[in-house]
Amino acid sequence: ALKSLVKYALISAYILKDPTVGVSIDKSKLSHRQKETRERIPYTKKEFNHLKNRAPYFFRQAIMLGWWTVLRVIDISKLQWDSWTEDHLIVHTEKTDKRVKLPLDNPAIGGGALREVCSEIDASNSKYCFPDWAALATEKTKRAKFSVYFRRMQERLEVALGEDGKPTKSFHCFRHSFVSRLGGTGNVDEKWEDAISQIAKWVGHSSTETTKGYLHA
C-alpha cells in the first residue's frame, strides 16, 4: 500500500525520489492473522439466483457475467460492444492483460446465458456496454465504489452475511464459484488436466496451479 502511494506521488511530481527503495518488511514480526490470506468462499447457486433476481440494472448483468464468465467487475464495467462476436465474448483483462475468449453457447458457460445478458444491455452508447460505469472505472480514485455498492447491495438483500451482518463474500468470489463448478462436477467433458488447462484459459491464468487454488469442495 505504501509503495502504491509513493508511486502515485512520484507520477504526480509531489516528491522527487522514492523513499521506500531498500525498505523491506520484517515478516517475523507479523502475527499469524496478518500472514494468513483471506479465505475466498464461492457463491452458491442459490445465492447467485437471489442476487441476480433482485439486483439493480448494472449489477444484475455484472453478477450474470461474473458467474458465467469469471470476469472481474472492473473488466465488466469497461466492456465494449466490439468484445461481442457472433460466437464469443473476447476481453483483454486489465489486471493481467490476458486475452480471454469465452464461447457464448458452451454448456459449461451457461449454454446461451451470455446471449441473454447481451440482449438485456441498453445499447445507449456506441462503444461501451455500461458507459456510466466505464467512466467510473477509469478514475482509479473512485474504483472502491464498486466494492462499496456491491457490499451495500448484499447487506440490503441479506445474501452471504456473517453473524455481524456484514458480507462474508466479495465479487471476486464469483471466480472461485466458476472454477469450482467447472472443475469439480465434470462439466468440462475432458480429462482432468485438460479440463483444468481449459478452465485456466477461460479464467485468464497463466498457470494451472493458480487455477487449482480456486477449487473448493
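**Pocket, helix packing and a buried residue**

Q: What volume does the largest pocket have, and what makes it a pocket?
A: The largest pocket has a volume of about 550 Å³, a volume being the space filled by probe spheres set on grid points joined across faces, edges and corners. A pocket is an open set of points on a 1 Å grid over the protein atoms alone, where a 1.4 Å probe fits, with protein on both sides within 12 Å along at least five of seven lines; lining residues have an atom within 4 Å of a point. Of its 25 lining residues, those closest to the centre are Val73, Ser147, Ser170, Phe171 and His172. Helix 5 (73–77), helix 8 and helix 9 (173–184) are the elements that give two or more residues to this lining.

The model is predicted: local features need pLDDT of at least 70, side-chain atom pairs count only at pLDDT 80 or more, and totals for chains, interfaces and linings use all residues. Residues are numbered from 1 along each chain as its sequence is written, and side-chain values use heavy atoms, leaving out hydrogens and water.

Q: Which helix gives the largest share of the pocket lining, and how does the lining divide by class?
A: Helix 8 gives the largest share, with 6 residues. The lining holds 10 nonpolar, 5 polar and 10 charged residues, where Ala, Val, Leu, Ile, Met, Phe, Trp, Tyr, Cys and Pro count as nonpolar, Asp, Glu, Lys and Arg as charged, and the others as polar.

Q: Why are helix 4 and helix 8 called roughly perpendicular?
A: Helix 4 (residues 57–69) packs on helix 8 at an angle of about 95°, with the axes 12 Å apart. Angles of 65 to 115 degrees count as roughly perpendicular, under 35 as roughly parallel, over 145 as roughly antiparallel and the rest as oblique. The pair is therefore roughly perpendicular. Phe58, Phe59 and Ile63 of helix 4 meet Phe146, Tyr149, Phe150 and Met153 of helix 8; by class, this contact has 7 nonpolar, no polar and no charged residues.

Q: What makes helix 7 and helix 8 oblique to each other?
A: The axes of helix 7 (residues 131–138) and helix 8 (residues 144–157) cross at roughly 125° and come within 8 Å. The two helices are therefore oblique. Trp133, Leu136 and Ala137 of helix 7 make the contact with Lys145, Phe146 and Tyr149 of helix 8.

Q: How do you know that Thr211 is buried?
A: Buried means under 20% relative accessible area, exposed over 50% and partly exposed in between, with a 1.4 Å probe and protein chains only. Thr211 has 0%, so it is buried. Thr211 lies in helix 11 (residues 208–212). Apart from neighbours within four places in sequence, Thr211 is in contact (heavy atoms within 4.5 Å) with Val179, Ile196, Ile199, Ala200 and His205.

Note on methods: Axes are lines fitted to C-alpha atoms, for helices over the stretch in contact, and angles run from 0 to 180 degrees between N-to-C directions. Helices (H or I, at least four residues) and strands (E, at least two) are DSSP runs, numbered from the N terminus.
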